[in-house]
Amino acid sequence: MRGAAELTAPVVSTDVSEMLVCGMGGSGIAGDYLARLADGHGVRVAVHKGYGLPPWTERCRPLVILSSYSGATEETLSAAEAVEGAGLPVVAIASGGPLLERAGAAGWASIRVQPGLQPRAAFGWLLGAAVRAADAAGLMSGASADLVEAADVVDRLLEDGGWSLAADLAEGLEHRIVAVYGSTGLTAPVANRWKTQLNENAKTPAWWSVLPELDHNEIVGWSGPDHLGRNVAVVSLHDRDESETIARRFRLTRQVTSTDVAWVGTVRAQGSSALARMLSLTLVGDMVSVELAARYGVDPMEVEAIDDLKRKMREDD
Ligand code: PA5
C-alpha cells in the first residue's frame, strides 16, 4: 500500500464526466471501490465485468480504465479491443502482458504496477493506480492525497491489533459458510472483497449482501429448516457514516438472524478518509481469510481452480 501511494499517473486530457472500469476478479473489484469513492466527488463510475463494452458507452463516451493485473485476462482484452474500435479515452493498468503491449502500440495512457504478486494481493496497487488515474484526469481531484492516510491506517492495523482481531473472527467463522453483510455506501464493495478473499485464500464458500436490500428477501431464508442456517456465520461491516436508519436495520436484522445462524460478528472501519476506512475493513477481511487458511491447512496463494479454467478456455479456442 505504501508503494501504491507513491504511484504516478499520466494526465489524460479529457472532457468526459464519467468513467467505466473494466476488469475481472481481483482487478475488477478496484472498480467497485473506485465507484463508491467517486460518489464523494459527484462523479459516476460504472463497472463492467465481462466481454466487450456496455452499449451505453457509445453515447456517453466515458473515460475507460482497463484494469488487469496480469494484463492477459480475456474479458479485459476484449474490452480493450472494443475501446480501440470506439476511440474512447483510456488508461490501462497492469503489471505487464498483452494489455500493456496494446497500450504501448496504441499510444494509450498506462500505469504499470508492481509485478510478481497474486492479483488479489496487488489490490492496493490496482486501486491506488485507479485513484491516481481518476485524479489525474480531473474527475476525482485531490483523491490521491488520501492514499497516504490509507497506507498509514493499514500499517498501524498490521502492527497493532489487526492480527488478533482477525484470529478472533476466524475462530467464529471456522467450519462455517460465511455471509458478509455491508450496506449501501462504502461497505458494500468491501463485503464483496471479504467474500472473494474467503473464497480464494481460505477455499471456503461465502456470499455477501447489503442492507437495506437483504431485508427485503434474504431474511426470509433464515426462517427455513433450522439445520441449514446452523452452518452459516454472519459478519457485518460498519462505517461511521452509516445512517441511523441503517444502524437500526442492522440491529433488527441481527435479532432476526442471530437465533438461526451459528455465529454473528461485527467489524468497524478505522481512519478518517473514505479510502482509509474502506481499506481498514478490507485489511481485516484479508487477514481473516489468511487466518482461516491456516486453520484449514490450505495454501492461501494457490488458485488452481481459476488457473485451470483459464487454461481450458484457451484450449477451446
Ligand atoms: O484473484 C484472482 O486471481 C482472479 O480473480 C483474477 O484477478 C482474475 O481472474 C482476473 O485476472 P487479472 O487480475 O490478471 O486480470
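Author: Start with a pair inside the protein: Asp286 and Arg193 are both buried. Keep in mind that this is a predicted model.

Reader: What do the side chains of Asp286 and Arg193 do?

Author: They meet in a salt bridge, at 2.9 Å from N to O.

Reader: Where in the chain do Asp286 and Arg193 sit?

Author: Asp286 belongs to helix 13, residues 274-296, and Arg193 to helix 9, residues 187-202. They are 93 residues apart, and the pair links distant parts of the chain.

Reader: How many salt bridges does the structure hold?

Author: It holds 16 salt bridges. One of them joins the side chains of Asp308 and Lys312, with 3.0 Å between N and O.

Reader: How far apart are Asp308 and Lys312 along helix 14?

Author: They are four residues apart in that helix, which covers residues 304-315, so about one helical turn separates them.

Reader: Is Asp308 buried or partly exposed?

Author: Asp308 is partly exposed, with a relative accessible area of 26%. Lys312 is partly exposed as well, at 45%.

Reader: Ok. What about Arg251 and Glu244?

Author: Their side chains also form a salt bridge, at 3.3 Å from N to O. Glu244 counts as exposed because its relative accessibility is 55%, and the cut-off for exposed is over 50%. Arg251 has a relative accessible area of 46%, so it is partly exposed.

Reader: Which residues are linked in a network of salt bridges?

Author: Asp239, Arg240, Asp241 and Arg277 are linked that way.

Reader: Change of topic. How many residues has the largest nonpolar core?

Author: It has 67 residues. Those with the most contacts inside it are Met19, Leu34, Ile93, Leu127, Trp194 and Leu237.

Reader: Which helix gives the largest share of this core?

Author: Helix 13, with ten residues.

Reader: Why would nonpolar side chains be buried together?

Author: I can only give the general pattern: in soluble globular proteins, nonpolar side chains tend to be buried together.

Reader: Back to Ile93. What is it in contact with?

Author: Setting aside neighbours within four places in sequence, Ile93 is in contact with Ile65, Leu66, Ser67, Ser68, Leu99, Ile111, Val113, Leu126, Ala129 and Ala130.

Reader: How many residues are in the second, separate core?

Author: That one has 16 residues, including Leu20, Cys22, Val90 and Ala92.

Note on methods. Residues are numbered from 1 along each chain as its sequence is written. This is a predicted model: local features need pLDDT of at least 70, side-chain atom pairs count only at pLDDT 80 or more; totals for chains, interfaces and linings use all residues. Side-chain values use heavy atoms; hydrogens and water are left out. A salt bridge is a side-chain nitrogen of Lys or Arg within 4 Å of a carboxyl oxygen of Asp or Glu. Helices (H or I, at least four residues) and strands (E, at least two) are DSSP runs, numbered from the N terminus. Buried means under 20% relative accessible area, exposed over 50%, partly exposed in between (1.4 Å probe, protein chains only). A nonpolar core is a set of buried Ala, Val, Leu, Ile, Met, Phe, Trp, Tyr and Cys residues joined through side-chain atoms within 4.5 Å. Contact means heavy atoms within 4.5 Å.
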